[in-house]
Amino acid sequence: MESTNTGYTMSCIMCGEVNDEKETSTYCTSCGGVLQIEYNEISEKIQYPLKEILPDPLKNHPTALKRLDRLSEKYDADLYAKLEFENPTGCFKDRGSYIEVQKAMELGADAICLASTGNMAASVAAYACYFKIPCFVFVPEKTPEVKLAQATIYDATILKIKGDFRTCEALVREFAKSGNYYLAGDYVFRQEGQKSCAYEMYEQGITDFDYIFVPIGAGTNFAAIYKAYREMKAAGQIDKIPSFVAVQPEQSSPVVEGIFKKEKIIKEQVNTMADAVAVGNPFDFYKVLDCIEQTDGMAFTATENELLESMREMTIEQGYFTEPACAIPLATFKNNLETFKGKKCLFVLTGTGLKSAHIVAKYSLSSPVLPPDLGRVQQYIDSGFVEMQKNSWGQSRDNAVSGLKMDEAHSKLFEQYVSEFNKKGKVLKEEEIRVLRSLVYNEDVDLVYPVDVVDYKLTMRKQGLVSAAVKLRIKGQDEDVISLDQGVGPMDAVLTAIKAETDSIIPLEIKNHEVEILSPDTESLVVVTLTLEKDGHTFTSKGASPDTLDALIQAFLKGLAIANKALAV
Ligand SMILES: *Cc1c(COP(=O)(O)O)cnc(C)c1O
Ligand SMILES: [Zn+2]
């Protein structure tokens, strides 16, 4: 049901110029516009722009096309889902990577490079790995760990870049020019691969939807599915092309805004829990706009809370646990029930929820650790906490916890934090207050600190080395001690200097550290979470400050206090 083909032209959708794939596979060489492939002949088979094609080494079956019976009944519509999370790496992008990687090999590239919000990295890495071509992926620093883990195990070289997807994209374009590298991404050959989603539905016997909802980042998948429909119509396989519905998170919606303004909009910064569609510069915007105009389509956004709600609803009602991006179709459908009443709608569920466990953890209350005692288990089940835990979904955990009443000791601790921040000239934003309240709420107010840091100084050395001088006050000693040490960065240097003194009290091993910066500005609250270990016991501690180093020191000293208390019992 597929054919390879060299009878095609690649032309620019903006200026019409025919481009040569040996010169570019990304942007038009005369105007920088986006390219499109047109085949010389019409075919009933899916056509791929390759001289020859190898069987897909990773994919074993088409992804399921399922009717959503319960949701259809609940909302009085005829709803379907294409389960694109069933692709080999858990995301539709595999369809494109399969073709793109083979194109890179056909063109004789030495390596493949790309920028990614995570899923593309995992997907291209998987195919590049199988076809044995080196792969360099540029990802924003905030990329979820699981997506990075996939790219890592598939042997890609990971370049984690300070900044967002746009920053990575600009950098990788430079990188691609520095060698004989194929720049993969949301470009024309990927689009040809991603068409197979719609061809698969044709084989599965259902294509006659009234509406197709596609969550949009760059717009490439949307454009690919539309292109497949056009090709199938031209070949006489179908008579009608559905109306396409472009959907995005409200907090990252340049495409939806652009559709209303009829011109491309670029956002400097986008921030949504649906990280897979957090794309500020939507590459295929004009293809999306054209489709919306041609198919009498629509465009909608949904809020972050609506995403959470729909993500859970899809899981509970139909059993499909997807990532937040895939909740946008259901969320926007629900916001427009009158429009879609009785209509046959398809939701493209683009990626698996298994890579988004961090979202679930973040937006639900975690369960407390209970002693192995049946009475206590029973007591907990009856305690009302469980109800609160289930109801807390849809608002952030920090929100739920910050709504809880604090006792006097915790309120006092909270005020101490705030006054420390005020001294540093920091005024907390609403979101930061929530996070801080949640942090304080979970803090043990009876902690005794065996060590305090009175002051510290840093000196930069050559080759990234840093010297730290830390003044420590150790409980039970009359005089402060000054500890001097070096490290490969400020954080490393300070911790090494502190540990040089404290290891003789309690030697703690640092198993993991996470730095969370709450907003992009320099004044932001920073939360450092440390995972510490001693003799098989693990301790987690958090520090919060506008200053990363202060937050780190706080977290470590708190960790010492926690460990000290736990191990003394
Ligand atoms: C990449 C991605 C999208 C967006 O697709 P575009 O082709 O960039 O519009 C949507 N959902 C998931 C899960 C993705 O990985
Ligand atoms: Zn052009």
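**Thr502 in helix H20.** In this predicted model, Thr502 counts as buried because its relative accessibility is 0%. Thr502 belongs to helix H20, which covers residues 490–502. Phe260 sits 242 residues away along the chain, and the C-alpha atoms of Thr502 and Phe260 are separated by 61 Å.

Helix H12 spans residues 327–334 and is mostly covered. Seven of its eight residues are buried, among them Pro329, Thr332 and Phe333. Helix H19 spans residues 430–441. Its 12 residues should span 16 Å at 1.5 Å a residue, and the end C-alpha atoms are 16 Å apart, so the two values agree. Buried residues of H19 include Glu432, Val435, Leu436 and Leu439.

Strand S9 (residues 135–140) runs parallel to strand S10 (residues 157–161). Five bridges join the two strands. Val139 stands opposite Lys160 in S10. With helix H4 (residues 145–153), S9 and S10 make a right-handed β-α-β unit.

**Salt bridge Glu141–Lys162.** The side chains of Glu141 and Lys162 meet in a salt bridge at 3.5 Å, N to O. The pair links distant parts of the chain, 21 residues apart. Glu141 lies in the loop between S9 and H4, and Lys162 in the loop between S10 and helix H5 (165–177). Glu141 is partly exposed, with a relative accessible area of 38%. Lys162 is exposed, at 65%.

**Salt bridge Lys344–Asp208.** Here the side chains meet at 2.8 Å, N to O. Lys344 lies in strand S15 (residues 344–349) and Asp208 in the loop between helix H7 (196–204) and strand S12 (211–215), so the pair ties together parts 136 residues apart in sequence. Lys344 counts as buried, at 15% relative accessibility. Asp208 counts as partly exposed, at 48%.

Lys534 and Asp535 form a side-chain salt bridge of 2.8 Å, N to O. Lys534 counts as buried because its relative accessibility is 18%, under the 20% cut-off. Asp535 counts as exposed, at 63%. Elsewhere, salt bridges that share partners join Lys59, Lys82, Glu84, Arg95 and Glu200 into one network. The structure holds 36 salt bridges.

**A nonpolar surface patch.** Ile13, Met14 and Tyr286 make a nonpolar surface patch of about 250 Å². Ile13 lies in the loop between strand S2 (8–12) and strand S3 (18–19). At 32% relative accessibility, Ile13 counts as partly exposed.

Notes
Residues are numbered from 1 along each chain as its sequence is written. Chains are lettered from A and ligands numbered from 1 in the order in which they are written. This is a predicted model: local features need pLDDT of at least 70, side-chain atom pairs count only at pLDDT 80 or more; totals for chains, interfaces and linings use all residues. Side-chain values use heavy atoms; hydrogens and water are left out. Patches are made of residues with over 30% relative accessible area and no salt bridge: like charges are joined within 9 Å, nonpolar side chains (Val, Leu, Ile, Met, Phe, Trp, Tyr) within 5 Å. Accessible areas come from the Shrake-Rupley method with a 1.4 Å probe; for residues, only the protein chains shown count as cover. A salt bridge is a side-chain nitrogen of Lys or Arg within 4 Å of a carboxyl oxygen of Asp or Glu. Helices (H or I, at least four residues) and strands (E, at least two) are DSSP runs, numbered from the N terminus. Buried means under 20% relative accessible area, exposed over 50%, partly exposed in between (1.4 Å probe, protein chains only). Two strands pair if DSSP finds at least two bridges between them. A crossover is right-handed if, with the strands pointing away from the viewer, the path from the first strand over the helix to the second runs clockwise. The expected span of a helix is 1.5 Å times one less than its number of residues.
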